[in-house]
Amino acid sequence: MKLFRVGTVILAIGMSLLVATYLRVQRGTPGSGNPFGVFGPFVFEPKETTIVLREVNPQNATLFVVNAQSWSSPENLTELTAQDISKIEPVFTATGLGNLDAVTFKIQWRGRYYIVIATSTGEPVDDAEITFEQRGIPEDFLWISIILSGTGVVIIVIHKLKTSTRHD
Amino acid sequence: MRGKLRELMAWELQDTWAFPILEIVIAICIIQVMSITSYGAGAPSRSYFESMLLVIVISSAIVFAKSFGESIEKRKLIVLLSYPVSRRRLFIAKYLANLLVVFLIFGFVLFAEGVAQFAFASGSLEIFAWTLMFLYLFLVVFFASSLMTFLAIAVKRFGLSIFVFLIYMFGMEYWLRYPIIEGGINNPLAHLSLDLGPWASIDYVYTCYVNWLNIGIHAGTQWTQSHFLAALGYLVGGGLALFLASLFLINKMDLD
């Protein structure tokens, strides 16, 4: 009976996480930015992310998405230098971008990320404005819920098999 | 003596939290929290109390009404008291078992939120603020449990006690929402809300702590000592008074 209860509780956790994951699909995460070319850090979930470059000056810019644990922007953004930008280890890069260009990519791991816009030569831009949105299933939650639900089902089945063997 | 109390608590857990009550409460908690939390703020926020209040109130209502109201209504309590066990001990075992399980469930959700913040967000946690969150979560659960226990024993009915409890809890939340009472959220009365009160108190204590130790940068708080005392007094004083009143009622109650 105890084993059965453990199984049902784990199954309940897994299934409710699955429902929560589905509810998160509906939720876009809109964002915008400031004029220095460094935005964030924002919390990104492992799902499809679309960034729209509403305005950038000069054109032909490069966009970096960088994990906040590997890079942090200077506190005063007016002091952002090419040296700061050269230290970036991006998880995603898009080049040759101009006004109203949009890029879509998938973040691999949940975490806090900066979005950095720089010139093609790695200098800070004069002016930039973005919006972004995240859509789709957060994969980490999906996998955790599947694993938990599966574990719950396995435990319940083991319990059923044990009790039926005992009855035989 | 302690063994008997533990035995009574184990019996209570099996009876009140039988399948599927525990599973339903856990599922509602997870759906409520996981579907909205962004896991990005680094520090705990009001959203936890905002999102969990409904679940805490409903869970406490069902569990304590089942434990006390239903057991009086269906005369289970008389059967239990036919064993050599005092009313006081039976009451404490029932109350303590349910209080601890409700707190553990909601505490686990808060803990999961903290772990997620640590892992996915800044990699650091404001430990003191999170400790306060757990403390205030306990106080909210304690207050809701004591009020529901009192109502269940006073009314002696499962359904009616839940009805009265929900009207009081949600009525208070509605009445205390800031456009309704004079002075808005600056009125200490507004801090009797189980949504605003704990959050504002945490913010107040945390700001005092940061300023006192002169560590880090904190934006400051708009809350004053009277807001903090109103919230704390309501939760601790109210909870304790209702607990003692319930104990008194069950000792004096005519069960036949």
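This is a predicted model: local features need pLDDT of at least 70, side-chain atom pairs count only at pLDDT 80 or more; totals for chains, interfaces and linings use all residues.
Q: Okay, chain A. How many helices and strands?
A: Chain A has 3 helices and 7 strands. Helices (H or I, at least four residues) and strands (E, at least two) are DSSP runs, numbered from the N terminus.

Q: In what pattern along the sequence?
A: Chain A reads α-β-β-β-α-β-β-β-β-α.

Q: What does chain A span along its principal axes?
A: The C-alpha trace of chain A spans about 80 × 25 × 20 Å. Its radius of gyration is 23 Å, whereas a compact globule of 168 residues would have one near 15 Å. That radius is taken over C-alpha atoms, and the globule rule is 2.2 Å times the number of residues to the power 0.38.

Q: Which domains is chain A divided into?
A: Domain 1 covers 2-24 + 141-167, and domain 2 covers 28-136. The bounds come from an automatic or database domain assignment.

Q: How many Å apart are their C-alpha centres?
A: The centres of domain 1 and domain 2 of chain A lie 41 Å apart.

Q: Now the sheet. What order do the strands take?
A: In chain A, 4 strands form an open sheet in the order S1-S6-S3-S4, with antiparallel pairing. Two strands pair if DSSP finds at least two bridges between them.

Q: Which strands stand at the edges?
A: Strand S1 (38-44) and strand S4 (92-97) of chain A do. Each has a single partner strand, so one side of each is left without a neighbour in the sheet. The twist averages 20° from one strand to the next. For such angles, axes are lines fitted to C-alpha atoms, for helices over the stretch in contact, and angles run from 0 to 180 degrees between N-to-C directions.

Q: How many bridges join S3(A) to S4(A)?
A: There are 4, and S3(A) and S4(A) run antiparallel. On the S6 side, S3 (residues 61-67) and S6 (residues 111-118) of chain A pair over 6 bridges, also in the antiparallel sense.

Q: What does Val65(A) stand opposite in S6(A)?
A: Val65(A) stands opposite Ile115(A) there. In S4(A), the bridge partner of Val65(A) is Phe92(A). Thr62(A) has Ala118(A) as its bridge partner in S6(A).

Q: Why is S3(A) largely enclosed by the rest of the structure?
A: Because 6 of the 7 residues of S3(A) are buried. A residue is buried if 20 or more other C-beta atoms lie within 10 Å of its own, exposed if 12 or fewer, and partly exposed in between; C-beta atoms are placed from the backbone.

Q: Switching topic: where does Pro138(A) lie?
A: Pro138(A) sits in the loop between strand S7 (127-135) and helix H3 (139-167) of chain A.

Q: Why does Pro138(A) count as buried?
A: Because Pro138(A) has 21 C-beta neighbours inside 10 Å.

Q: What does Pro138(A) touch?
A: Not counting residues up to four places away in sequence, Pro138(A) touches Thr21(A), Arg24(A), Glu45(A), Pro46(A) and Lys47(A). Two residues are in contact if their C-beta atoms, placed from the backbone, lie within 7 Å. Glu45(A) is 93 residues from Pro138(A) in sequence, yet 6.0 Å away in space, C-alpha to C-alpha.

Q: And helix H1 of chain A, how many residues?
A: H1 (residues 2-25) of chain A has 24 residues. H1 reaches 35 Å from its first C-alpha to its last, close to the 34 Å expected at 1.5 Å a residue. The expected span is 1.5 Å times one less than the number of residues.

Q: What do the buried residues of H1(A) pack against?
A: They pack against H3 of chain A together with helix H2 (21-34) of chain B. Among them are Gly7(A), Ile10(A) and Leu11(A).

Q: Chain B, then. How many helices and strands?
A: Chain B has 9 helices and 0 strands. Of its 256 residues, 42% count as buried.

Q: Why is H6(B) largely enclosed?
A: Because 21 of the 29 residues of H6(B) are buried. Just after H6(B), Lys156(B) takes a positive phi of about 65°.

How values were computed
Residues are numbered from 1 along each chain as its sequence is written. Chains are lettered from A and ligands numbered from 1 in the order in which they are written.
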